[in-house]
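Subject: Structure handover

Hello,

Here is the structure you asked to look through. Please open it next to this message and follow along.

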Amino acid sequence: RGSHIVTVLSSGELLACQNLDNRISVYLVPNAVEIATQPLSGREYNKDNPLRLVFLGRIVQTKGLREAIGAVERLRKQGRSIRLFLAGSGPYETELRKLVLSLGLDGAVKFAGPVFGEAKDKLWFDNDVFIFPSYGEGLPYSLLEAMGAGCVPVTCPVGAIPDVIEDGVHGVLVPIRDVDALVTAIRVLDDDRKLLIRMSEAARRRVDEHYTISRLVVDLNNVYREALSQ
């Protein structure tokens with residue numbers, strides 16, 4: 001209440017501030033990313049080969065990685081040659097490595113470590129699905145980066161994610177801690193590669209139209225002009 005201006009990442013936070021006190025001057029300013037330098041037309045769509053999943057972020061328990069690995073295990077048992085790359089580092093990595101070995105998934109789940117720059121862009125373009133069943137978020141940059149490269153997100157409707165993704169259009173939304181829902185979502189995309197391609201293209205357009213640095217510059221200019229006017 002003592003601030004000249006409050007900025008938030010999601011429409012949910014915007015509504016919460018307005019409900020708290022309608023005198024608060026609150027602006028919705030979502031995160032933004034640089035679009036991957038490789039054009040989407042250069043993506044080689046995976047039409048026939050096993051589906052390639054990727055996670056990129058901090059490896060902590062609340063990212064839902066145990067559920068992601070559980071989904072891979074079930075899909076492999078169903079005869080699907082799904083593979084998963086886990087990029088990043090964090091305190092939960094040791095436990096997840098033990099889990100992967102105990103499930104006999106060491107050939108299907110790979111730990112890539114932290115990646116940056118062109119290596120990160122390549123990771124997005126080399127994989128089909130960004131699996132991100134997180135229990136709670138603001139507006140993750142990894143989500144926007146993945147979508148900007150046409151890597152289709154399978155994620156949870158937490159934080160600002162529902163502002164970014166329309167379920168079934170730009171990606172797939174699943175409940176948190178729900179391995180069955182993850183299995184179903186991945187199986188649908190594995191079976192319908194035309195749907196996967198449509199979502200890939202829609203995800204890229206979504207970021208290109210609403211989550212660019214140029215849009216962020218305009219938003220922040222408006223915020224500072226309003227602050228200065230006070």
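A residue counts as buried under 20% relative accessible area, as exposed over 50%, and as partly exposed in between. This is needed for the residue discussed next. Please also keep in mind that the model is predicted.

Arg 66

Arg 66 belongs to helix α2, which covers residues 65–77. Its relative accessibility is 37%, so Arg 66 counts as partly exposed. Leaving aside residues up to four places away in sequence, Arg 66 touches Tyr 92, Glu 95, Leu 96 and Leu 99. With Tyr 92 there is a polar contact between the two side chains, at 3.2 Å. Val 100 is 34 residues from Arg 66 along the chain, and the C-alpha atoms of the two are separated by 9.4 Å.

The sheet

In what order do the 6 strands of the open sheet stand? The order is β5-β4-β3-β6-β7-β8, and the pairing is parallel. β5 (109–113) and β8 (172–173) are at the edges; each has a single partner strand, so one side of each is left without a neighbour in the sheet. The partner strands β7 (residues 152–155) and β8 pair in the parallel sense over 2 bridges. Here Val 154 is opposite Val 172 of β8.

Helices around the sheet

Helix α7 lies across β3 (52–56), β6 (129–132), β7 and β8, and runs at about 160 degrees to β7.

Helix α4 spans residues 117–126, and its buried residues are Lys 120, Leu 123, Trp 124 and Phe 125. Among the elements that cover these buried residues are the strands β3, β4 (83–87) and β6, together with α5 (141–148) and α8.

The contact of α7 with α8

α8 also packs against α7. Helix α7 (residues 179–191) and helix α8 (residues 193–210) have axes 5 Å apart, at an angle of about 100 degrees. Angles of 65 to 115 degrees count as roughly perpendicular, and α7 and α8 are therefore roughly perpendicular to each other. Which residues meet in this contact? From α7 they are Val 188, Leu 189, Asp 190 and Asp 191; from α8 they are Arg 193, Leu 195, Leu 196 and Met 199. By type, the residues of this contact divide into 5 nonpolar, no polar and 3 charged.

Regards

Methods
Residues numbered from 1 in each chain as written. Predicted model: local features only at pLDDT ≥ 70, side-chain atom pairs only at ≥ 80, totals over all residues. Heavy atoms only, no water. Axes fitted to C-alpha atoms, helices over the stretch in contact; angles between N-to-C directions. Helix = DSSP H or I, 4+ residues; strand = E, 2+ residues; numbered from the N terminus. Parallel < 35°, antiparallel > 145°, perpendicular 65-115°, else oblique. Contact = heavy atoms within 4.5 Å. Nonpolar A, V, L, I, M, F, W, Y, C, P; charged D, E, K, R; others polar. Pairing = 2+ DSSP bridges. Buried < 20%, exposed > 50% of the residue type's maximum accessible area, 1.4 Å probe, protein only. Polar contact = N/O pair within 3.5 Å; in protein donor to acceptor, adjacent residues only side chain to side chain.
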